[in-house]
Amino acid sequence: MLTIAPRRPDAHTVAVLAFDGMAPFELGVVVEVFGLHRPEVGDIPWYELRVCAEDPGRDLRVVGGFSLRAEHGLDVLSAADTVIVPGVADVHGAVSPALVSALRTAHARGARLVSICSGAFALAATGLLDGQRATTHWRYADLLTERHPAVRVDPEVLYVDNGGVLTSAGSAAGIDLCLYLVRADHGATVANTVARRFVVPPHREGGQAQFIEAAVRPVDGEDDGVARSMAWALDRLAGPLTVPALARAARMSERSYLRHFTRRNGTSPMRWVIAQRIAASLPLLEAGDGTVEQVSTAVGFDSPATYRHHFTRAMRTTPTAYRRAFARAA
């Protein structure tokens, strides 16, 4: 049985917007990550979730033939530490002035603004994404560009972190972004624990492609070879890994392997390897054992400079700064 997280005065408050006509998946993701009691993460102050609506107390229709009622209004949303907009009712319509004002108020207070899928239209309406890179579901990317030309829309990625304003792609990418927020707040170990309860990978790089053809294709014998090569690589991250070696593990030619790997995973083999090595380095940095140079060697980078380059590009901070911030969180 799932239990709601108990209220704690020291908890980080997360407000999520509910609206008439919404789809339930994105809201459910936010509730699952931030609203459940999680004794498995120990005695750390978990989040306090508040579901908000422009007209609290009124029944809101939800796709699928049911309704829900939010207890809180936009005043509570604008006072939260993190504000999540899981979509908008109409991507072609105007965002209400009341919601725009609440989002701007929250941002001015220092709150973290987050969107999932079409929720990017609400954040864009505030003007806070002007001149910034952002993403949304690939099917809405052109429309977001048309309606908000000052926003640099990237339809190719899972999520984008602009510091205080974060956007993610369609539905399931919301899981990735929510886990990214948990990792930012509490470190990789806690995020991995939450991911295990979700039964999802603990970390997908934000720059990974949204659209992966193999996700909707039957897995054939050649694709099984790709999966075999990935498992083989994960057992050997500390050693040298090359495309020829991965192709041999998959029992494919290099050309065929590159084609099938990219189709299956939405990224190249070596970019995937780099992402796995960075992910493997996070708990080592948090543990505080060993120098950055030793960590880079332990996860297979050929030099500390290469490790720092790829780490900074993926995590938007340096390994040293990450350790300084997240060793305390861990």
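**A β-hairpin and a buried leucine**

Strands β3 and β4 (residues 66-69) pair in the antiparallel sense, with 4 bridges between them. In this predicted model, the two strands form a hairpin with 3 residues between them. Glycine 64 sits in the turn and has a positive phi of about 115°. Within the pairing, arginine 61 finds its bridge partner in β4 at serine 67.

Turning to the helical part, leucine 285 lies in helix α11, which covers residues 269-287. Leucine 285 is counted as buried because its relative accessible area is 0%, under the 20% cut-off. Beyond residues up to four places away in sequence, its contacts are Val292, Val295, Tyr307, Phe311, Pro319, Tyr322 and Arg323. Serine 296 is 11 residues from leucine 285 in sequence, and their C-alpha atoms are 9.9 Å apart.

The protein has a mean pLDDT of 87, and 88% of its residues reach 70 or more. Over residues 1-6, however, pLDDT stays under 50, and the model has 15 contacts beyond four places in sequence for this stretch. Residues 209-223 also have pLDDT below 50, with 33 contacts in the model beyond near neighbours in sequence. Where pLDDT is low, the predicted coordinates should not be read in detail.

How values were computed:
Residues are numbered from 1 along each chain as its sequence is written. This is a predicted model: local features need pLDDT of at least 70, side-chain atom pairs count only at pLDDT 80 or more; totals for chains, interfaces and linings use all residues. Side-chain values use heavy atoms; hydrogens and water are left out. pLDDT is the predictor's confidence in each residue, from 0 to 100. Contact means heavy atoms within 4.5 Å. Buried means under 20% relative accessible area, exposed over 50%, partly exposed in between (1.4 Å probe, protein chains only). Two strands pair if DSSP finds at least two bridges between them.
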